[in-house]
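Here is a short report on one model. Read it with the sequence and coordinates open.

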Amino acid sequence: MANVVSSALERDVAVITIDNPPVNALGHAVRQGLVGAIATAKADAVVKAIVIACAGRTFCAGADITEFGKPAKAPSLADVINAIEGVGKPVVAAVHGTTLGGGLELALACHFRVAAPGTRLGLPEVKLGILPGAGGTQRLPRVIGSEKALAAIVSGEPMPVEQALTDGLVDRSAEGDLAVAAIAFAREAAASGKPLRLVRDRDDRLAATRGDRSAFDKAAAALLARKQGQQAPAACVKAVANAFTLPFDEGLAAERALFRALLDGDQSRALRHIFFAEREANKIPGLGPAVQARDVVTAAVIGAGTMGGGIAMCFANVGIPVTLVDTAAEPLARGMATIEKNYRNTAARGGITSAEADRRLKLITGKVGNENVAKADIIIEAVFEEMDLKRRIFAELDAHAKPGAVLATNTSTLDVDEIGRATKRPGDVLGMHFFSPANVMRLLEVVRGKATAPDALATAMAVGRRIAKVPVVSGVCYGFIGNRMLHKRSVESERLILEGAAPEAVDAAVVAFGFPMGPFAMGDLAGLDVGWRIRKSRGATAAVADALCEAGRFGQKTGKGYYLYDAGLRTPKPDPEVAKLIEATSARLGIKRRAIGDQEIIERMLYPMINEAARILDEGIALRPGDIDVVWVYGYGWPAWRGGPMHYADHIGLPNIAERLGHYAKQTGDATLAPAALLSRLAAEAKGFASHNPKGAA
Ligand code: T1G
């Protein structure tokens, strides 16, 4: 067993150091080591105080999530915490990096916390569908107050050290070496002779809320308003409320019970799946440590439209200078103005300081003419979705781009290989498919062409992570992973309303499932004319959607689409005109209308997509099922607490899904709804998608 905990004596201070890379997770060996080291320090009369610190890039980032769902091994984290509280000598936590979850709970068990500059402290357990299970819901309120603790625990967002200092969570910020500062603090505490106070015994920050909990309840209601269907946020509220309504040990016991119930639940299993799937998506077979990403110091974006502007902001947001290029001064000025407006709005909302907005704006240089990409290490084309135009631009890039520059296209549907063939350097060409708004949406589909060089792909993945995106590799096919699946849902949603479901009923069922928006409201937001143009260019039709567009109903931008929108408002209102148009279209197509229930709506919204995902997996377009889940959670609003389409399918059971698909294929006469080969095979073998890791994927 690797020695992950060591102890050293600095005169009269015992320094206990955890060294369990990569994030000093509080796994079994660490807990054992801590209990042993604390007992030794307690018994050693020379030791007047103790410092607990971590080696490496961060203090403990929590319990070891890989141990969840396995039999618990003693000592538990609660045992470690009891050992710290029982020492009877000052214990100081020396924290740095991302001090999260069980790591912060460990630090809260200590009498004092000294932090390095740049430390972030938080209890993100709710993001894993659980709540802090080692006293965090009882100790944090005792230090920073109930309302601040509630916000930190229900959001799961870490706080910067500056705020932690202000709130009293951190006692001192270390100037210079952290260990030296923590040892000095520990020695001062021991020398002060002041009685030691454990956080568990503090009540000063609870009294106010105990006296009047109205502000707490109001804050709780606001925090839970956008968490419909999720169990963990509500449990967090209950647990934190116990801190000012119950004695400490009763609150702790209640926390434990809530924690256990959530940990064994489907939602936490789904969120843990997404946690690891997001990290697995970074591991590309054939792209081992030998394949080095190319250096990217500067970037260029071609096309100053909505997508181009958003992409340029992604680079400026992380300090990478970017040249935004367009064909003429007017569209360029319009694009730059939109970027400035976005930054000013963010600064006005307090998201960034205006100085930071200025700094980012300075990193974006607007230029007319593609020759201005010559210095860029990576060039992203974001012009109109038209093959000839893109091929022309890529052929031009050959002349201007420097050797070794990565040439990326932001196409959402077109053939990346064909675009690559427009250049003499197809090895440098790939797709980087951003999602609108590009400066907000975290998903990035990185499309690997047949000729794409491994180091070009590695570069795009590394750049994706640097600009705070979640990059997922896709092969070349129409619509890549996300849009190809989404197309199946669009076809089914059109059928459902022709067969009798109201658009608002379909949207309501999809929202009740956990999506932020249903297909019809989403169509109105994106603009129905976008899909209409693509259908026309592909000779495809959608009876109702086409009829709406022919009537000039493009959605929010025209004040009406599937819904009506009052001037300046985005609230969709059902429109009797649309209901009439749909009924007339059904009659014209000879479709008999009937009542359709929510279960059928959800099955037909989700199962055809899952079926298409099985084909995507089988063709190797997606490397592994988890990648598909990450695409849908970060790009299409699939509720993370349902784990993504593939995880959800395994939860429902592939035999059930296969049976329903077969039923709908017969009912609609659409043979493409029949279960895909991979889905049928796995269903027959009583296996799930989780068992299918194609092509040597990790
Ligand atoms: N347990 C096990 N493995 C972990 C881990 C953890 N807590 N955190 C990270 N890893 C692995 C991760 O899978 C990856 O592995 C590698 O470390 C690097 O991570 C009782 C019960 C700390 C901000 O939720 O948010 O405490 O892919 O790629 O981008 O109340 O990791 O290389 O094989 O993400 O620099 C609460 C989870 C746990 C924090 C670093 N803590 N971690 O981000 O690196 S529950 C969390 C993170 C808990 C108690 C409860 C991030 C990070 P691999 P990475 P990063």
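The report covers a sheet, a helix pair and the ligand site.

The model is predicted: local features need pLDDT of at least 70, side-chain atom pairs count only at pLDDT 80 or more, and totals for chains, interfaces and linings use all residues. Residues are numbered from 1 along each chain as its sequence is written, and side-chain values use heavy atoms, without hydrogens and water.

**Sheet.** An open sheet has 8 strands in the order β12-β11-β10-β13-β14-β15-β16-β17, with mixed pairing. Its edge strands, β12 (364–368) and β17 (470–474), each pair on one side only. Strands are DSSP runs of E with at least two residues, helices are runs of H or I with at least four, and both are numbered from the N terminus. Pairing requires at least two DSSP bridges between two strands. β10 (residues 299–302) and β11 (residues 322–326) pair in the parallel sense over 4 bridges. Ile 302 stands opposite Val 325 in β11.

**Helix pair.** Pro 503, Val 506, Asp 507 and Val 510 in α20 meet Pro 519, Phe 520 and Ala 521 in α21. Contact here means heavy atoms within 4.5 Å.

**Ligand.** The ligand is surrounded by 27 residues; the closest are Arg 57, Ala 63, Glu 105, Glu 125 and Arg 279. A residue counts as near if one of its heavy atoms lies within 4 Å.

| Residue | Atom | Distance |
|---|---|---|
| Arg 57 | polar side-chain atom | 2.8 Å |
| Gly 102 | backbone N or O atom | 2.9 Å |
| Glu 105 | polar side-chain atom | 2.6 Å |

Terms used: A polar contact is a pair of N or O atoms within 3.5 Å; within protein, one must be able to donate a hydrogen and the other to accept it, and residues adjacent in sequence count only if both atoms are side-chain atoms.
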